[in-house]
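Okay, everyone, let's get going.

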Amino acid sequence: MNVAADPAPAARPLDISTFREGGSLNARLRQMHEGLLERVPAVDRIACALYDAGEDLLKTFIDSTRTGHSLEGHEFRLSQSRSLSRLATSGDVRILDDIPALVQHGEVHSDWLLEQGYQSSMTVPLFDNGALLGMTFFDARASHAFPPVAQRDLLLYANLINMSISSELAALRTVVASAQMAREFAHLRDFETGAHLERMARYARAIARAIAPRHALGDEFIEHVFLFAPLHDVGKIGIPDRILLKAGRLEPDERQVMQTHVELGLEIVERIIGDFGLRHLPDSSVLRNIVGGHHEKMNGTGYPKGLAGAAIPLEARIVSTADIFDALTTRRPYKQAWTTAEAVAEMRRMAVAGELDPECVEAVAAFAPRIEEIRARYPDED
Ligand SMILES: [Fe+2]
Ligand SMILES: [Fe+2]
């Protein structure tokens with residue numbers, strides 16, 4: 001249906017339709033910000049951070065910034081911010097009217113607000129089924145920018161953002177959960193532990209964050225890499241046990257069967273995406289690329305397509321680096337766990353040989369200090 005152009009109404013009612021339309025959450029947030037400005041013109045920035053309970057991390061996720069720099073690729077422990085921790089438990093909204101006068105130095109987010117010259121801020125914790133989902137921040141350059149009337153409007157918008165993020169994440173998690181369920185049916189747990197998947201997803205996120213500035217990767221993309229990384233080998237549920245669980249070396253014909261896990265994985269992903277009506281998901285290509293490209297090699301000798309270099313999707317290069325790193329640093333029945341330094345040395349060798357992306361390998365080397373922490377949080381059960 002074709003509707004005549006809107007004759008620019010004087011004061012538009014609260015318009016929540018924009019946030020429902022397709023596109024990435026970030027694009028939708030920016031659109032919503034436009035609409036919001038007509039009601040609360042002082043809002044210079046809207047940003048949402050996601051909470052990862054596993055690591056107690058609050059991570060930048062989506063943002064719309066009209067003045068000042070957007071804060072991207074940033075994360076910190078929620079427990080390190082007393083004021084935000086309080087909001088997370090109480091569910092209260094926090095209003096700061098005069099940030100320079102009120103805020104204590106030393107808290108990452110507050111320091112950043114000061115640097116950007118924001119004077120007012122409204123923070124709304126977001127919840128999903130009672131669990132902390134994240135936080136929405138509305139910031140303004142003016143002081144006392146959010147009187148009670150504005151607060152009421154912003155709270156409505158925050159609820160809307162909350163719903164949109166929860167429903168999109170619910171959709172994504174449904175994909176992940178159903179694939180995971182299929183894995184468990186197929187006894188894949190014996191083969192790859194849950195702890196391996198937790199660790200490699202976190203390594204993948206750390207690599208993506210490290211290389212984000214050079215590739216202009218947004219936080220939303222990074223989050224999707226994190227979410228989808230554990231599905232890279234989902235196709236292995238279609239591989240017969242005699243091959244999948246074989247203790248010794250695979251014969252050439254067995255190896256060929258094993259390699260079909262990539263195509264099988266792509267079929268499974270298509271089926272799940274189709275079954276759940278998720279084709280519209282803007283980043284479903286990230287999932288396809290991870291599953292389809294995680295055995296490609298930089299020099300073109302990988303499978304199934306023999307793609308080389310930049311033709312291999314970046315998300316696939318990130319995930320294969322993370323996967324191999326975790327495999328090397330984990331004890332297996334036939335080998336000891338390598339140290340981080342040993343694994344990095346081996347991966348540098350693989351990068352020189354054209355098997356791994358050197359940039360991803362250097363990213364692993366750079367975040368080595370955090371690796372021990374991730375490993376300690378997700379140990380293998382013996
Ligand atoms: Fe694989
Ligand atoms: Fe793996």
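**A loop, a core and a cis proline**

So, let's start with Asp56, which sits in the loop between β1 (45-52) and β2 (57-65); helices (H or I, at least four residues) and strands (E, at least two) here are DSSP runs, numbered from the N terminus. Quick housekeeping: this is a predicted model, local features need pLDDT of at least 70, side-chain atom pairs count only at pLDDT 80 or more, and totals for chains, interfaces and linings use all residues. Residues are numbered from 1 along each chain as its sequence is written, chains are lettered from A and ligands numbered from 1 in the order in which they are written, and side-chain values use heavy atoms, with hydrogens and water left out.

Back to Asp56. Is Asp56 buried or exposed? It's buried, at 15% relative accessible area. Buried means under 20%, exposed over 50%, partly exposed in between, using a 1.4 Å probe and protein chains only.

Now look at Ala216, in the loop between α7 (194-215) and α8 (219-228). Ala216 isn't a glycine either, and its phi is positive, about 50°. This one counts as exposed, at 69% relative accessibility.

On to the core. A nonpolar core, for us, is a set of buried Ala, Val, Leu, Ile, Met, Phe, Trp, Tyr and Cys residues joined through side-chain atoms within 4.5 Å. The largest one has 80 residues, and Phe138, Phe146, Ile165 and Ile318 touch the most other members. Helix α5 (residues 148-185) gives the most to this core, 12 residues. Why does the core lie between the domains? Because domain 1 (17-167) and domain 2 (186-377) both give residues to it; those bounds come from an automatic or database domain assignment.

Take Ile165. Beyond its neighbours within four places in sequence, the residues in contact with Ile165 include Cys48, Phe61 and Leu133, where contact means heavy atoms within 4.5 Å. There's also a second, separate core of 11 residues, with Ala49, Tyr51, Leu84 and Ala88 among them.

Next, Ser83, in helix α2 (residues 82-90). Ser83 is buried, at 17% relative accessible area.

Last stop: the peptide bond joining Tyr303 and Pro304 is cis, with omega about 5°. You'll find Pro304 in the loop between α12 (284-293) and α13 (314-328).
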